[in-house]
Amino acid sequence: MRPTPFAYHRAQSVDEALALLRAAEAVPLAGGQALLKDLRARVREVRSVVDIARIAELQLIEGNGGELATGAAVSLSAALAHPAVARHAALHQALQRVGDTQVRNRASVAGNLFGGGTSDLAVVLLAGRARVRVRDTAGESVLDAASALGAILHGWPRGSLITSVHWPLPLASHYIKLSRRTVDPAMAACCACRFADGTLTLAFGSVHTAIVDASALCPRTAADAGAFEHTIDALAASLAPPDSAHAGPDYRRRMLAVLGRRALDAIDAWPPA
Ligand SMILES: Cc1cc2nc3c(=O)[nH]c(=O)nc-3n(C[C@H](O)[C@H](O)[C@H](O)COP(=O)(O)OP(=O)(O)OC[C@H]3O[C@@H](n4cnc5c(N)ncnc54)[C@H](O)[C@@H]3O)c2cc1C
C-alpha cells in the first residue's frame with residue numbers, strides 16, 4: 001500500500017531539525033525501518049517527516065572512561081563496527097541480534113528504542129542504566145532509561161529529539177535473545193549487568209507491553225537463589241506477554257526464569273555467595 005502523502009524535509013543540523021519539527025508538525029525519520037513500514041501499512045499517518053539521518057552531530061560514537069556515548073542517528077552496523085562499543089558486551093550482543101545486515105545498515109540506535117516491548121536495545125538500555133539526551137526548542141534534558149522508555153511508550157512529545165544515548169560500562173554484562181531464526185523478533189530476551197559498585201541489574205524484553213525491570217529480584221544470597229524461580233515466576237504471572245505463532249504467552253512467561261538464570265550465570269553472579 002502507498003502511504004498517504006506527506007512532506008519530506010532533510011535537516012543538516014539539530015537546530016534545523018528542531019525548527020522543522022516544530023514548524024511542520026513533523027516527526028523525525030532516521031533509518032525508516034519502522035516509520036516507513038507503518039506509513040506504508042497506514043497504521044500511522046503523518047503530515048511531514050524530518051530526515052535526521054545525515055546530521056553529523058548525531059553520528060558520533062565516543063568511549064570516555066567508564067561511559068560510551070552513541071549519537072542518536074548512528075546506524076546499528078556503524079555501532080557494531082566501532083571498537084569502543086565492543087567494551088559493552090551486552091550492547092554489542094544485542095546489536096548483533098537486531099534483524100539482518102540490511103536492517104542494521106539503516107536502523108538507528110535511537111529509532112530502535114521506539115520498538116516498545118520488543119526492542120533489543122531497550123532491554124540493554126534499562127538493565128544497563130543508560131541515559132538518553134533529549135533536545136527540544138526549550139533546551140536540553142537527560143532522561144534515565146526508565147523515564148525515556150516510559151515517554152516512548154506513552155507518546156513521545158512532539159518536537160523532541162533524542163540526540164545521544166549514554167551507556168555506563170558495566171564490569172560484566174550479557175544479553176540473550178530467543179528467536180526462531182536469527183533475523184526474527186525475540187520470543188523473549190534478557191540482559192544482566194554487574195557494575196563496579198556491586199549493583200546487579202536484570203531486564204526482560206518481549207514478555208510484556210513494556211521492557212520489564214527485574215533488578216529487584218536479582219539474588220544476593222544463596223537463600224535468594226533458592227527462591228529465584230519462585231519470585232521470577234510470580235513476576236511472570238503478572239505480565240501480559242504478546243502472542244505469536246511461535247511463542248505464546250505461557251512459553252514467554254516460563255522463559256523469564258530460564259533466561260534470567262542464564263544471564264546471571266554468564267556474568268558470574270550465579271550462584272551468589
Ligand atoms: C525485517 C526487519 C527485522 C527487524 N528485526 C528486529 C529485531 O530483531 N530486533 C529489533 O529490536 N528490531 C527489529 N526490527 C525493527 C527495527 O530495528 C527498528 O524498526 C529500527 O531499529 C528503527 O530504527 P530506525 O532508525 O529505522 O527508526 P525510524 O523507522 O526512522 O523511526 C522509528 C520511530 O522512532 C522515532 N525516532 C527515530 N529517531 C529519533 C530521534 N533521534 N528522536 C526522537 N524520535 C526518533 C521516529 O519518529 C519513529 O517514530 C526489524 C525491522 C525490520 C524491517
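This is a predicted model: local features need pLDDT of at least 70, side-chain atom pairs count only at pLDDT 80 or more; totals for chains, interfaces and linings use all residues.

Colleague: Fine. Which elements each supply at least two residues of the shell around the ligand?

Modeller: Those are strand E2 (27–29), helix H2 (35–40), helix H5 (101–106), helix H6 (109–113) and strand E8 (161–168). The ligand is surrounded by 30 residues, and the closest of them are Gly31, Gln33, Ala34, Ala107 and Gly111.

Colleague: How do the residues of that shell divide into nonpolar, polar and charged?

Modeller: The shell around the ligand has 18 nonpolar residues, 9 polar ones and 3 charged ones.

Colleague: H7, then: is it largely enclosed or open, and why?

Modeller: H7 is largely enclosed by the rest of the structure, because 8 of its 8 residues are buried. The buried residues are Asp120, Leu121, Ala122, Val123, Val124, Leu125, Leu126 and Ala127. After H7 comes Arg129, which has a positive phi near 55°.

Colleague: Which residues of the largest nonpolar core touch the most other members?

Modeller: That core has 78 residues, and the ones that touch the most other members are Ile52, Val123, Val124, Cys191, Ala203 and Phe204. Helix H7 (residues 120–127) contributes the largest share of the core, with 7 residues. As a general point, nonpolar side chains in soluble globular proteins tend to be buried together.

Colleague: What does Phe204 touch, if we skip residues up to four places away in sequence?

Modeller: Phe204 touches Val123, Ala188, Ala189, Cys190, Val212, Ala214 and Leu256. Val123 is one of the buried residues of H7.

Colleague: Now the strands around there. How does E10 pair?

Modeller: E10 pairs in the antiparallel sense with strand E9 (residues 172–178) over 7 bridges, and again in the antiparallel sense with strand E11 (residues 200–205) over 6 bridges. Cys191 in E10 is the bridge partner of Tyr175, while Ala189 stands opposite Gly205 in E11. Strand E10 (residues 188–194) is largely enclosed by the rest of the structure, because 6 of its 7 residues are buried. In the hairpin of E10 and E11, which has 5 residues between the strands, Gly198 takes a positive phi near 90°.

Colleague: A few single residues before I go. Is Ser75 buried or exposed?

Modeller: Ser75 is buried, because 20 other C-beta atoms lie within 10 Å. This serine sits in the loop between strand E5 (67–71) and helix H3 (76–81). Leaving aside neighbours within four places in sequence, Ser75 is in contact with Gly31, Arg104, Asn105, Arg106, Ala107 and Ser108. Gly31 and Ala107 are also among the closest residues to the ligand.

Colleague: And Arg47, buried or exposed?

Modeller: Arg47 counts as exposed, because it has 12 C-beta neighbours inside 10 Å. Its place is in the loop between H2 and strand E3 (48–51), and, not counting residues up to four places away in sequence, Arg47 touches Phe6, Ala7, Glu25 and Ala26.

Colleague: Last one: where is Ala11 found?

Modeller: Ala11 is in the loop between strand E1 (7–10) and helix H1 (14–23). With 23 C-beta neighbours inside 10 Å, Ala11 counts as buried. Beyond four places in sequence, Ala11 touches Glu16, Ala17, Leu20, Val50, Asp51, Ile52 and Ile55.

Technical notes:
Residues are numbered from 1 along each chain as its sequence is written. Helices (H or I, at least four residues) and strands (E, at least two) are DSSP runs, numbered from the N terminus. Two residues are in contact if their C-beta atoms, placed from the backbone, lie within 7 Å. A nonpolar core is a set of buried Ala, Val, Leu, Ile, Met, Phe, Trp, Tyr and Cys residues joined through C-beta atoms within 7 Å. A residue is near a molecule or strand if its C-beta atom, placed from the backbone, lies within 6 Å of it. Ala, Val, Leu, Ile, Met, Phe, Trp, Tyr, Cys and Pro count as nonpolar, Asp, Glu, Lys and Arg as charged, and the others, Gly among them, as polar. Two strands pair if DSSP finds at least two bridges between them.
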